Amino acid sequence: MRLHNPMNLVIFDFCETLVHFQTADRFVDFVLEKEQYRKYRWINFLARLLYRLRIIVLFNKLLPKLNPMKRLKLMQIRGIAESRIDALAKEFYQSEINPNMIATLYDLLLKHKEQKDFIIVVSGGYAPYIKLFTEQHDLNHYFATEIAFAKNKVTGFFEGKDCLFDQKVVLLNQFLKDHKLTFQKSIAYSDSFSDLPLLQWADEAFVVSRKKSQPFAKQFGFKEIVHN
């Protein structure tokens, strides 16, 4: 039997939609600083060199979904224990994420909760702290970029695909199909043009912009929320 839900499906991007900054690289830097971990510091120098030589720029242009700088950043915490990642995710959540929520969007999240909507966070941020946010706010589900582990240590790679671009829609469609869920309508919030597939997938889309409007919101006929 197909389960029908009378409420709305509401999808929130996370970085620069619910919280003021891009969280993935910042989390890696947080881990490196807290652990004083320098084993793979050479990767940072390599990444800077590739950027100066414009090789990274070329990759971003030809293969935007590859996101080489994010991958090189994650490699710098290769070998750190999974238990430390989990513990540091809790610290990161408390010290970096909690104080930096975007008030306008956070209030909207709480409003959707009051309305009993089905809320999913879909983010290119890393799963350990996205999971904490989802649990702390009793949201229905989340998708995020998963850090791969082997023998309980960071491998330096993603587990599966980076949760960006059309991968967000792939994950959502599979989730809805697997759980046989239907809703009155779907509503999506995101700040980023890279989430165009998600915004176009939703019945109602809101572009989240800081201080000034983003041209692509009007170009594609999306609604827009401009915040400070």
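Glu146 has its place in strand β4. Helices (H or I, at least four residues) and strands (E, at least two) are DSSP runs, numbered from the N terminus. This is a predicted model, in which local features need pLDDT of at least 70, side-chain atom pairs count only at pLDDT 80 or more, and totals for chains, interfaces and linings use all residues. Residues are numbered from 1 along each chain as its sequence is written, and side-chain values use heavy atoms, with hydrogens and water left out.

**Glu146 and its surroundings**

- Glu146 is partly exposed, because its relative accessible area is 32%. Buried means under 20% relative accessible area, exposed means over 50%, and partly exposed lies in between (1.4 Å probe, protein chains only).
- Glu146 is in contact with Ala127, Phe157, Phe158 and Glu159, leaving aside neighbours within four places in sequence. Contact means heavy atoms within 4.5 Å.
- Glu146 and Ala188 are 42 residues apart along the chain, and 22 Å separates their C-alpha atoms.

**Helix α1 against helix α4**

- Helix α1 covers residues 23–35 and helix α4 covers residues 68–75. Their axes come within 9 Å and cross at roughly 20 degrees. Axes are lines fitted to C-alpha atoms, for helices over the stretch in contact, and angles run from 0 to 180 degrees between N-to-C directions.
- α1 and α4 are therefore roughly parallel to each other. Angles under 35 degrees count as roughly parallel, over 145 as roughly antiparallel, 65 to 115 as roughly perpendicular and the rest as oblique.
- The crossing of α1 past α4 is left-handed. A crossing is left-handed if the near helix is turned anticlockwise from the far one by less than a right angle, and right-handed if clockwise.
- On the α1 side, the residues are Ala24, Asp25, Val28 and Asp29. They meet Lys70, Lys73 and Leu74 in α4.
- The residues of this contact of α1 with α4 divide into three nonpolar, no polar and four charged. Ala, Val, Leu, Ile, Met, Phe, Trp, Tyr, Cys and Pro count as nonpolar; Asp, Glu, Lys and Arg count as charged; the others, Gly among them, count as polar.

**Lys70 in helix α4**

- Lys70 lies in helix α4. Lys70 counts as buried, because its relative accessible area is 7%.
- Not counting residues up to four places away in sequence, Lys70 touches Ala24, Asp25, Gly124, Tyr126, Thr145, Phe158, Asp162 and Leu164.

**Helix α1 against helix α5**

- Helix α5 covers residues 82–97. α1 and α5 pack at an angle of about 115 degrees, with their axes 10 Å apart.
- α1 and α5 are therefore roughly perpendicular to each other. α1 passes α5 in a right-handed crossing.
- α1 brings Thr23, Arg26, Phe27, Phe30, Val31, Lys34 and Glu35 to the contact. α5 brings Arg84, Ile85, Leu88, Ala89, Glu91, Phe92, Ser95 and Glu96.
- The residues of the contact of α1 with α5 divide into seven nonpolar, two polar and six charged.
- Ile85, Leu88, Ala89, Phe92, Tyr93, Glu96 and Ile97 are the buried residues of α5. These buried residues pack against α1, α7, β4 (141–150) and β5 (153–159).

**Aromatic pairs**

- Rings of Phe, Tyr and Trp (its six-membered ring) pair if their centres lie within 6.5 Å; planes under 30 degrees apart count as stacked, over 60 as edge-to-face and the rest as tilted. By this rule the count comes to 15 aromatic pairs.
- Phe27 and Tyr129 form a tilted pair, at 5.2 Å centre to centre with 55 degrees between the planes. This pair links distant parts of the chain: Phe27 is in helix α1, Tyr129 is in helix α7 (residues 127–136), and they are 102 residues apart.
- Phe27 is buried, with a relative accessible area of 0%. Tyr129 counts as buried at 0% relative accessibility.
- The ring centres of Phe118 and Phe183 are 5.3 Å apart and their planes are at 50 degrees, so this pair is tilted. Phe118 is in strand β3 (residues 118–126) and Phe183 is in the loop between β6 (181–182) and β7 (186–190), 65 residues apart.
- Phe118 counts as buried at 13% relative accessibility. Phe183 counts as buried at 15%.
- Ring pairs also link Phe21, Phe27, Phe30, Phe92 and Tyr129 into a cluster.
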